[in-house]
Amino acid sequence: MALDADAVIIGASAAGLATAACLKQTGRSFEILEATEVVGNTWRHHYDRLHLHTPKSGSALPGLKMPREWPRYPARDQVVDYLQHYRARHGSAPATTRRSPGSSVAREPGSPPAGPVSGARATS
Ligand SMILES: Cc1cc2nc3c(=O)[nH]c(=O)nc-3n(C[C@H](O)[C@H](O)[C@H](O)COP(=O)(O)OP(=O)(O)OC[C@H]3O[C@@H](n4cnc5c(N)ncnc54)[C@H](O)[C@@H]3O)c2cc1C
């Protein structure tokens, strides 16, 4: 399958969604490949009583604080809600989720590298 995008992101969880939001901010195109039908797949399978061990102030993704009324250490389900909301808030993050367990990604011979991303701002 050929993808026509500046960047390919594997995984629609915290890292993938944050990367997508930053790429979008700089006008780069991207495709997110996610092995499941949901965002935050990993978090959905952690044990029920899990809470973040990092404070919400340092756990939020670029551009979206966690709600003021949430506890300092949000619960697992809140993290899942936050990731879903983050995806919705950034619209195209991810624009596409595709089933791709165990897939690999390679640049087509002769295609130019996208180059470094600069100018991404983390705002909250
Ligand atoms: C019990 C536990 C508690 C944690 N608590 C904290 C905490 O309090 N604070 C903190 O900062 N971090 C914590 N972490 C670490 C946490 O997992 C990461 O911060 C965060 O989830 C990493 O996000 P990620 O997007 O890199 O990876 P993940 O959240 O693991 O997401 C990876 C995504 O990639 C997808 N994927 C994997 N392989 C493929 C493939 N081949 N093709 C397509 N999609 C694929 C998966 O389905 C998944 O959606 C904890 C981890 C664990 C296990």
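Predicted model: local features only at pLDDT ≥ 70, side-chain atom pairs only at ≥ 80, totals over all residues.
Residues are numbered from 1 along each chain as its sequence is written.

Start by selecting residues 76–89, which is helix α4 (helices are DSSP runs of H or I with at least four residues, strands are runs of E with at least two, and both are numbered from the N terminus). Its 14 residues reach 20 Å from first C-alpha to last, close to the 20 Å expected (1.5 Å times one less than the number of residues).

Now colour Val79, Val80, Tyr82, Leu83, Tyr86 and Arg87, the buried residues of α4 (buried takes 20 or more other C-beta atoms within 10 Å of a residue's own, exposed 12 or fewer, partly exposed in between, with C-beta atoms placed from the backbone). They cover an arc of only 160° around the axis, so they sit on the same side of α4 (the arc is that of the directions from the helix axis to the C-beta atoms).

Next, pick Arg89, also in α4. Arg89 is partly exposed because 14 other C-beta atoms lie within 10 Å.

Finally, show β1 (7–10) and β2 (30–33), parallel strands joined by four bridges (pairing takes at least two DSSP bridges). Find Val8, with Glu31 of β2 opposite.
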